[in-house]
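Please examine the sequence and the structure shown below. The report that follows treats selected loop residues, a pair of helices and the nonpolar cores.

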Amino acid sequence: MKIIVINGPNMNMLGIREPDIYGRKTYADLINMIEEEYKDKNLDIEFYQSNHEGCIVDKIQDMYGQRDAIVINPAAYTHTSIAILDALKSVALPAVEVHLTKVEDREDFRRISYPGKYCEKTFAGLGFQGYIEAIDYLIEKYGKDHE
């Protein structure tokens with residue numbers, strides 16, 4: 001199975017940005033944790049991070065016919081990007097949304113997720129473990145179709 005993990009703006013600043021909210025682990029730590037978790041499995045995981053909405057849209061579109069599923073943490077674009085929502089709809093790949101924090105327990109404006117309207121499941125408030133849960137969900141639901 002081929003999965004892409006897409007992360008939005010400021011995820012490259014993990015460990016530096018608001019460590020009281022997001023912790024001290026870095027984006028590299030996140031990638032290393034996921035790679036270590038799945039190193040012995042028949043799984044091809046690609047990672048992508050951008051601070052630019054259009055680049056994320058382009059990457060999603062580029063995944064059509066290239067990947068079997070998407071794990072996405074749109075970060076701040078969660079609450080603003082109809083373009084990312086439309087890109088997810090365009091490629092029609094199974095998608096799962098991840099958030100490090102419980103966004104629904106934070107500021108009111110964080111309670112809307114545009115990309116989440118397409119995603120079939122959301123894992124929020126689990127920190128890095130949310131990515132593992134999302135990938136495991138996709139493997140369990142779709143993995144047999146892509147062996």
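Ala-92 counts as exposed because its relative accessibility is 54%; buried means under 20% relative accessible area, exposed means over 50%, and partly exposed lies in between, with a 1.4 Å probe and protein chains only. Ala-92 lies in the loop between α4 and β4. Helices (H or I, at least four residues) and strands (E, at least two) are DSSP runs, numbered from the N terminus. The phi of Ala-92 is near 55°, a positive value in a residue other than glycine. Most residues other than glycine have a negative phi.

Ala-75 also has a positive phi, of about 55°, although it is not a glycine. Ala-75 belongs to the loop between β3 and α4. With a relative accessible area of 13%, Ala-75 is buried.

## Basis of the model

This is a predicted model, in which local features need pLDDT of at least 70 and side-chain atom pairs count only at pLDDT 80 or more, while totals for chains, interfaces and linings use all residues. Residues are numbered from 1 along each chain as its sequence is written, and side-chain values use heavy atoms, with hydrogens and water left out.

## Helices α3 and α4

Two packed helices are described by the angle between their axes and the distance between the axes. The axes of α3 (residues 53–62) and α4 (residues 82–91) come within 9 Å and cross at roughly 5°. This makes α3 roughly parallel to α4. Axes are lines fitted to C-alpha atoms, for helices over the stretch in contact, and angles run from 0 to 180 degrees between N-to-C directions. Angles under 35 degrees count as roughly parallel, over 145 as roughly antiparallel, 65 to 115 as roughly perpendicular, and the rest as oblique.

On the α3 side, Glu-53, Ile-56, Val-57, Ile-60 and Gln-61 meet Ala-83, Ile-84, Ala-87, Leu-88 and Val-91 of α4; contact means heavy atoms within 4.5 Å. The residues of this contact divide into eight nonpolar, one polar and one charged. Here Ala, Val, Leu, Ile, Met, Phe, Trp, Tyr, Cys and Pro count as nonpolar, Asp, Glu, Lys and Arg as charged, and the others, Gly among them, as polar.

## The buried face of α4

Which residues of α4 are buried? They are Ile-84, Leu-85, Ala-87, Leu-88 and Val-91. Seen down the axis of α4, these buried residues fall within an arc of 160°, so they line one face of the helix; the arc is that of the directions from the helix axis to the C-beta atoms. An α-helix has 3.6 residues a turn, so residues three or four places apart point the same way. The buried residues of α4 pack against α3, β3 and β4.

## The nonpolar cores

A nonpolar core is a set of buried Ala, Val, Leu, Ile, Met, Phe, Trp, Tyr and Cys residues joined through side-chain atoms within 4.5 Å. The largest has 27 residues, and those with the most contacts inside it are Ile-3, Ile-34, Val-71, Tyr-131, Ile-135 and Leu-138. The elements giving two or more residues to this core are β1 (2–7), α2 (27–38), β3 (69–73), β4 (95–99) and α5 (129–142). The largest share, six residues, comes from α5. A second, separate core of 16 residues includes Ile-60, Ala-87, Val-91 and Ala-95.

Apart from neighbours within four places in sequence, Leu-138 is in contact with Met-1, Ile-3, Ala-69, Ile-70, Val-71, Pro-94, Val-96 and Gly-143. Val-96 is placed in strand β4 and counts as buried at 0% relative accessibility. With neighbours within four places again left aside, the contacts of Val-96 include Ile-70, Val-71, Ile-72, Cys-119 and Tyr-137. Val-96 and Ala-69 are 27 residues apart in sequence and 8.3 Å apart in space, C-alpha to C-alpha.

## Two further loop positions

Gly-125 is found in the loop between β5 (121–124) and α5, and it is partly exposed, with a relative accessible area of 35%. Gly-125 and Thr-101 are 24 residues apart in sequence and 3.9 Å apart in space, C-alpha to C-alpha. Not counting residues up to four places away in sequence, Gly-125 touches His-99, Leu-100, Thr-101 and Lys-102.

Ser-50 has its place in the loop between β2 (44–49) and α3. Ser-50 is buried, with a relative accessible area of 6%. Leaving aside neighbours within four places in sequence, Ser-50 is in contact with Asn-7, Gly-8, Pro-9, Cys-55 and Ile-56.
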